[in-house]
Structures are given as structure tokens and as C-alpha cells.
Amino acid sequence: MSRPPLPPFDAETAAAKVQAAEDAWNTRDPEKVAAAYSEDSVWRNRDRFVTGRAEIAEFLRGKWDRELEYALRKDLWAFAGDRIAVRFQYECRDVDGQWWRSYGNELWEFDEQGYMRRREASINDVPIEESERRIHGRRPDAERGGAEQPLR
């Protein structure tokens with residue numbers, strides 16, 4: 001089985017891959033998200049190292065148990081061959097009610113079947129007030145593939 005779009009990526013297929021990832025992560029469904037990665041996929045997420053779909057799904061279950069009302073935006077930064085670079089921001093709250101905005105960059109590498117075999121994520125968290133939120137659930141259709149998120 002393959003997971004289109006397949007590498008090598010062009011501007012259209014890279015953007016489609018990024019939007020598909022955003023859509024999947026916004027479901028907060030660990031198994032659905034993990035299915036986009038190769039069986040032996042390796043991750044670096046902040047200071048955590050994860051290998052394989054089962055560990056990815058376990059990692060995501062823990063993440064979304066802690067990061068409540070998680071909502072994400074990803075923007076294509078660059079692409080070449082089988083690689084894509086992404087900027088992202090997401091917002092969530094913790095169990096104490098503190099809202100957070102997390103900023104990050106990801107480097108992705110895909111196998112020839114379109115599964116992500118490597119993901120490296122660098123992420124920084126900033127506390128925000130609920131009134132400062134700007135990411136509310138899934139991206140509206142009118143904004144898909146469009147405007148990047150403001151830095152502040």
C-alpha cells in the first residue's frame with residue numbers, strides 16, 4: 001500500500017502532505033496519526049526519541065491526555081525530493097487551565113510509499129491567556145493552504 005502524495009514532492013504535493021498531516025493531528029486520534037508513519041519510523045520530539053508506530057501511538061495518547069483542547073496549524077516551509085520542512089503552532093490547555101501556544105519546526109523524510117520514516121521536531125512553549133487564543137479547532141476551509149500563522 002502507498003500513502004499519496006508520494007515523493008519526489010513538488011509545491012502542490014508537498015502542501016497537500018502538510019495539510020493532510022495537520023488534518024490528521026487535529027483529530028487527536030493516535031492510531032490515525034501513527035498510520036501515516038512507516039513501521040520503523042524514528043522521531044525526535046523535543047527531548048524524546050520514539051521508534052515505530054506502536055511507540056508513536058503511545059506517545060500521542062500521553063500527549064493528548066496532557067494537552068487538552070489541542071488545535072494545530074502547520075505551514076509548508078521548504079521541500080526537496082523526499083523531504084519536507086514545516087513550521088507549526090498549536091494551542092492547548094493543561095489540567096490546571098493554563099493555556100499554551102507551542103511553536104516549532106519539523107523536518108520530515110518519506111519512504112518511496114509516502115510514509116514518513118523520520119520526523120525531527122523542535123518545539124518551544126509559551127504560556128498565554130485564554131483571550132490570546134487564535135487557533136480554535138480545525139482550520140476553516142477558507143483558510144486551507146493559505147495564510148501562515150503570525151509569529152506573535
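## Ground rules

Residue numbers start from 1 along each chain as its sequence is written, and side-chain values rest on heavy atoms, with hydrogens and water left out. Since the model is predicted, local features need pLDDT of at least 70 and side-chain atom pairs count only at pLDDT 80 or more, while totals for chains, interfaces and linings use all residues.

Helices (H or I, at least four residues) and strands (E, at least two) are DSSP runs numbered from the N terminus.

## The core

In soluble globular proteins, nonpolar side chains tend to be buried together. Here the largest nonpolar core has 28 residues, and Trp 25, Trp 43, Leu 60, Ile 84 and Trp 108 have the most contacts inside it. A nonpolar core is a set of buried Ala, Val, Leu, Ile, Met, Phe, Trp, Tyr and Cys residues joined through side-chain atoms within 4.5 Å; buried means under 20% relative accessible area, exposed over 50%, and partly exposed in between (1.4 Å probe, protein chains only). Elements supplying at least two residues each to this core include helix 1 (11-25), helix 2 (30-34) and strand 1 (37-45).

Leaving aside neighbours within four places in sequence, Trp 43 is in contact (heavy atoms within 4.5 Å) with Trp 25, Tyr 37, Arg 48, Phe 49, Val 50, Ile 56, Phe 59, Leu 60 and Arg 119.

## Strand pairing

Two strands pair if DSSP finds at least two bridges between them. Strand 6 pairs with strand 1 in parallel through five bridges, and with strand 5 in antiparallel fashion through twelve. Met 116 of strand 6 shows up in both pairings: Tyr 37 stands opposite Met 116, and Met 116 is also the bridge partner of Phe 110.

Strands 5 and 6 make a hairpin with five residues between them, and Gly 114 in the turn has a positive phi of about 90°.

## Cavity and pocket

On a 1 Å grid over the protein atoms alone, a cavity is a set of points where a 1.4 Å probe fits but cannot get out, and a pocket is an open set with protein on both sides within 12 Å along at least five of seven lines; lining residues have an atom within 4 Å of a point. Grid points are joined across faces, edges and corners, and a volume is the space filled by probe spheres set on the points.

The largest pocket takes up about 220 Å³. It is lined by 13 residues, of which Arg 87, Phe 88, Gln 89, Tyr 103 and Leu 151 are the closest to its centre. Strand 3, strand 4, strand 5 and strand 6 each supply at least two lining residues.

## Two residues up close

Arg 87 belongs to strand 4 and counts as partly exposed because its relative accessibility is 22%. Leaving aside neighbours within four places in sequence, Arg 87 is in contact with Arg 73, Lys 74, Asp 75, Trp 77, Gly 104, Asn 105 and Glu 148. Ala 57 is 30 residues away along the chain, and the two C-alpha atoms are separated by 22 Å.

Gln 19, in helix 1, counts as buried because its relative accessibility is 12%. Not counting residues up to four places away in sequence, Gln 19 touches Arg 139, Arg 144 and Gly 145.
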